[in-house]
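Have a look at the model first, then work through each solution step by step.

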Amino acid sequence: FAKCLADKGAKLYGAYWCPHCEDQKALFEGSKELPYIECSLPNRGGVTEICKRDNIQTYPTWEFSDGERLTGLITLGKLSAKTGCELQ
């Protein structure tokens, strides 16, 4: 499922210190295919350049190939409906 999301151009932006981001990633059971982008510098020392460039202001944020963004903890069902990726 995570690989399909990546193949469809979905991206998950988050921060290592964000509990909702950890909850979101946990839904993928440690998949290495999850299209995750870390936005926080070590020791909460600021925001990464990619997240500044992409104007990410809330964690977690999902961005899709059509440019739509969803923020907060998103269910796998909603991600499936948005991308057409089948849940296994």
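**Exercise 1.** Which handedness does the link of Cys4 and Cys85 have about the S-S bond?

*Solution.* Before starting, note that this is a predicted model, in which local features need pLDDT of at least 70, side-chain atom pairs count only at pLDDT 80 or more, and totals for chains, interfaces and linings use all residues. Residues are numbered from 1 along each chain as its sequence is written, and side-chain values use heavy atoms, leaving out hydrogens and water.

Step 1: the sulfur atoms of Cys4 and Cys85 lie 2.2 Å apart, and a disulfide is a pair of cysteine sulfur atoms within 2.5 Å.
Step 2: the angle about the S-S bond is -85°, and the link of Cys4 and Cys85 is left-handed.

**Exercise 2.** Find the handedness of the disulfide of Cys39 and Cys51.

*Solution.* Step 1: the sulfur atoms of Cys39 and Cys51 are 2.0 Å apart.
Step 1: the torsion about their S-S bond is about -75°, so this disulfide is left-handed too.
Step 2: with the bonded cysteines numbered in sequence order, the pairing reads 1-4, 2-3.

**Exercise 3.** Are Cys4 and Cys85 buried, partly exposed or exposed?

*Solution.* Step 1: buried means under 20% relative accessible area, exposed over 50%, and partly exposed in between (1.4 Å probe, protein chains only).
Step 1: Cys4 has 25%, so Cys4 is partly exposed.
Step 2: Cys85 has 1%, so Cys85 is buried.
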